[in-house]
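Morning, everyone. Please have a look at the sequence and the model on the screen.

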Amino acid sequence: MTQMALPLRLADYAVFASYLSTGNEALVATLVDLASSDSGQGCWMWGPSASGKTHLLQAVCDRAGDRSVYVPLRMLAGAGPEILDGLASRDLICIDDMNTVAGDPAWEEALFTLCNQVLDAERILIVSAAMSARECPISLPDLQSRLARLPIFQVQVLGESERITALQLRARHRGLDLPEDTAHYLLSRSRRDMASLYELLDKLDLEALRAKRRLTIPFVKGVLEA
């Protein structure tokens, strides 16, 4: 998996094959193309928490390999903007949760320098945030203007039927069979955002492996009530 100098690893599930692209087909096609390109503009994608932005950014880095770097600003904000030094040498830079450092002068100056270096060299910059570039509370006008020129994609949230399909896709990626009735049961007994559902699926995977059981409703019920 692609790593920065900092001890960061991409999640093993965060690949294009385990992402349900329903409603986001144009975005996924763009990201797949960018992951295979040596140059290009990149894009800005935005959507609510748990809509799949981090999954997609990490999938890009998984596909691009060592030419890329994944920068989770929510996790790294406390480390200071110096962590961005030298990143412009990569062909593809994925910046996650831009809005978490918006309004911080030191971070904005460092990000503006990085954006200029990357885009002027015709390398690729992919940014995620909770809102569009023009709505992001960035104080530095030049940075906001530069980022607003990127192609913009709004990440569409999955409906209930798509959530079940996405859960089954993730389960297959992990080598599990998740029957549809069990998937419906999970949706009715847990938080319905995909991050919570995936976390629960990870737990069930572990428990099923230990017990050598299939993901039936009685087994899942027992795990949830334990």
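**The sheet and its helices**

Five strands make an open sheet, ordered S2-S3-S4-S1-S5, and the pairing is parallel. Strands here are DSSP runs of E with at least two residues, helices are runs of H or I with at least four, and both are numbered from the N terminus. Two strands pair if DSSP finds at least two bridges between them. Strands of a sheet pair through backbone hydrogen bonds, either parallel or antiparallel.

Which strands stand at the edges? They are S2 (68–72) and S5 (152–154). Each has a single partner strand, so one side of each has no neighbour in the sheet. Neighbouring strands are turned by 15° against each other on average, direction ignored.

A word on what we are looking at. This is a predicted model: local features need pLDDT of at least 70, side-chain atom pairs count only at pLDDT 80 or more, and totals for chains, interfaces and linings use all residues. Residues are numbered from 1 along each chain as its sequence is written, and side-chain values use heavy atoms, with hydrogens and water left out.

S2 runs parallel to S3 (residues 92–96), and five bridges join them. Pro72 stands opposite Asp96 in S3.

Now helix H1, residues 25–35. H1 packs on the sheet and touches S1 (42–46), S3, S4 (124–129) and S5. Contact means heavy atoms within 4.5 Å. The direction of H1 makes about 145° with that of S1. Axes are lines fitted to C-alpha atoms, for helices over the stretch in contact, and angles run from 0 to 180 degrees between N-to-C directions.

H1 also packs against H2 (residues 53–64), at about 30° and with the axes 8 Å apart. That makes the two roughly parallel, a label for angles under 35 degrees; over 145 is roughly antiparallel, 65 to 115 roughly perpendicular, and the rest oblique. From H1 come Leu27, Val28, Leu31, Val32 and Ala35; from H2 come Leu56, Val60, Arg63 and Ala64. By class, that is eight nonpolar, no polar and one charged. Nonpolar covers Ala, Val, Leu, Ile, Met, Phe, Trp, Tyr, Cys and Pro; charged covers Asp, Glu, Lys and Arg; the others, Gly among them, are polar.

On to H6 (residues 160–173) and H7 (residues 180–189). Their axes come within 10 Å and cross at roughly 115°. Glu160, Arg163, Ile164, Leu167 and Gln168 in H6 meet Glu180, Ala183, His184 and Leu187 in H7. This contact has four nonpolar, two polar and three charged residues.

Last pair: H8 (residues 194–211) and H9 (residues 217–225). The axes come within 11 Å and cross at roughly 110°. H8 is therefore roughly perpendicular to H9. H8 brings Leu200, Lys203, Leu204, Glu207, Ala208 and Ala211, while H9 brings Phe219, Val220, Val223 and Leu224. Here the classes are eight nonpolar, no polar and two charged.

Finally, the whole chain. How many helices and strands does the protein chain have? Nine helices and five strands. From the N terminus, the order is α-β-α-β-α-β-α-β-α-β-α-α-α-α. The C-alpha trace spans about 55 × 35 × 30 Å along its principal axes.
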